[in-house]
Amino acid sequence: MFLQQLINGIALGSTYALIALGYTMVYGIITLINFAHGEIFMVGAFVGLLLVSVLKLNIFLAMAGSMAFCMIMGVVIEFIAYRPLRKSSRLSALISAIGVSIFLSSLAMMVFGANAKGFPSEAFPARQLHIGNADISTLQLLIIGVSALLMLALEFIVQKTKIGKAMRATSEDYNTAALMGINVNFVISFTFALGSALAAAGGVLVGLLFNSVSFNMGLMAGLKAFAAAVLGGIGSIPGAMLGGLLLGVAEVFGVAIGYSSYRDAIAFAILVLVLLVRPTGLLGRKILKKV
Amino acid sequence: MLNNLVNSIDPYLLQILVNIGIGIILALGLNIITGLTGQLSLGHAAFMSVGAFTGALLTIKLGLPFYLTILLSGSITAVVAALIGWPILRLSGDYLAICTLGFAEIVKVVFLNLDITNKALGLTVPLPPSFLPMPIIVLIVVVLAIIASAFIQNSRFGRALMAIRDDEIAAESMGINIARYKVQSFAVSAFLAGIGGCLYGHFLGYINPSDFGFLKSIDMLSMIVLGGLGSVPGAVFGASILSAAPEFLRFMSQYRMLVYGALLVFLMVFRPNGLLGGVNFTDLVLRKLGVKPHLATHKQEGQ
């Protein structure tokens, strides 16, 4: 029972972590809460669904296609809605992000309708495995495996490549990085592309997990993933992974011990409690006050 | 006589006007904590919700006179906000924002599970005993809220709040008790949100905890950012536009929210400081009267 719930929690949590990574990377570089990120996740799910059901693609190809599509979308959104606002107040950029989010979700509702859609059952024929007394679906293993793989790839890009170094430098100090000859605009676009690709993968995985894709799935998932990013310490990549997993596991266990009607509050209650003890999240750096 | 006057207005137009009025009250409330004090709140709908349910329960269970209900729901909301604000206002910037968002979600889910708020079914609110028609009451509250906001902005209290917004460390070294002022402005802000919620519930006749979700908080925030942060006429203007926009865009039917979203992006890109950013109400009046206003430069929220 415990093992079963733990696996459920980790599967859910890794999808939160995938979305949270996008929030945390964008925040780390331009301190913008990208509220449109949840909608990118939703669009990713829809594109994956279309590729699977209309073009009859294999689920992995569909996921790759959806990631590529959302990469472009993320870059375009940044270019249109955030880049002109980079020098102005942060709240203006926030409202712009909210505008994008409203735009995308209503566009999705117009195009795909208000009803939730499911993946065709042959998209990923899940089987049940019995390990001990736990029933684990191969779908859950797929979700955990793909998420882990993507996070490792991200860690590799950020830590070992030249562009990753540029990303870290930009998030450390935007102006100095620009002075050192780093093309900051490119770094920001690249960050949006990476974050959006992860969100798209998360969207396809969540669509498979709950077998439901709808125009408003981005809102709650986005808010919870944002909570996960803040819980881990916003701006910190390992923090987002840790925060996502923690919230997913906590949510599943909360539901399992009978608080299912409080499901959506669990993540936020944990967040508030943790912030009261550690005001910058679990792995967040202490904010220095400069006089 | 007032009843006749109100009845002579087209009911549809009246409804839009009352919505604008309630929007103005809410925007002025949020403007105090986010515009003046510079603390981003993403959960103001929760205070609206607390005010709406307090007001509804006071009317249903106790049948208090309406003006008393309004005052009480505002005050109770302010107390709730002070209790919540005391621990979380220590957090800085975006950590505070996500905390308010978290609290709003928690309040919503708790109200969805309480018996007294009738769980997910929501409450039907009867028309309260009052000798003034509802739209007139809203109008009076709007006028009072505008006057109060203008006074706050030009008082010692308001200047302290703006000092905190512009530079916390400098404000602290000038002897401003940051924690106290933040909690106070949070409470004042919630007071208006509670009153707005109470009016909203009684005007609509039905409230449901799900009505006061994240999107409602975002609505309020859009109003003040669009109008211009920290500016009373800005808040009034932003609230009027955004409350009326869904009605004016109604002819586009299904494209309405699409256009609304695109409009927010475009307005922000072309007017990043809001439509009336940095405009001060009393300065405007003084200038009209030919008096040279003291030139306080308003730095917008930022670094």
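How many residues does the contact take from chain A and from chain B? In this predicted model, the contact takes 40 residues from chain A and 40 residues from chain B. On the side of chain A that touches chain B, the elements giving two or more residues are α4 (90–112), α9 (217–232) and α11 (263–277) of chain A. The most comes from α4(A), which gives 13 residues to that side. By residue class, this side of chain A divides into 29 nonpolar, 8 polar and 3 charged residues.

Chain B has 13 helices and 2 strands. Of its 303 residues, 51% count as buried. Its C-alpha atoms fill a box of roughly 50 × 40 × 40 Å along the principal axes. The radius of gyration of chain B is 19 Å, which agrees with a compact globule, because a globule with 303 residues would have a value near 19 Å. Among contacts in chain B with a separation of 6 or more, 79% are between residues 24 or more positions apart.

An unreviewed UniProt entry annotates "transmembrane region" over residues 12–33, 40–60, 66–88, 95–114, 134–152, 183–203, 223–245 and 257–279 of chain B.

| Span of chain B | Helix | Strand | Distance between end C-alpha atoms |
|---|---|---|---|
| Residues 95–114 | 95% helix | 0% strand | 28 Å |
| Residues 223–245 | 83% helix | 0% strand | 11 Å |

In residues 95–114 of chain B, then, the end C-alpha atoms lie 28 Å apart, whereas those of residues 223–245 are 11 Å apart.

Methods: Residues are numbered from 1 along each chain as its sequence is written. Chains are lettered from A and ligands numbered from 1 in the order in which they are written. This is a predicted model: local features need pLDDT of at least 70, side-chain atom pairs count only at pLDDT 80 or more; totals for chains, interfaces and linings use all residues. Two residues are in contact if their C-beta atoms, placed from the backbone, lie within 7 Å. Helices (H or I, at least four residues) and strands (E, at least two) are DSSP runs, numbered from the N terminus. Ala, Val, Leu, Ile, Met, Phe, Trp, Tyr, Cys and Pro count as nonpolar, Asp, Glu, Lys and Arg as charged, and the others, Gly among them, as polar. UniProt positions are given in the numbering used here, feature names are shortened, and annotations may be inferred rather than shown by experiment. The radius of gyration is taken over C-alpha atoms; the globule rule is 2.2 Å times the number of residues to the power 0.38. A residue is buried if 20 or more other C-beta atoms lie within 10 Å of its own, exposed if 12 or fewer, and partly exposed in between; C-beta atoms are placed from the backbone.
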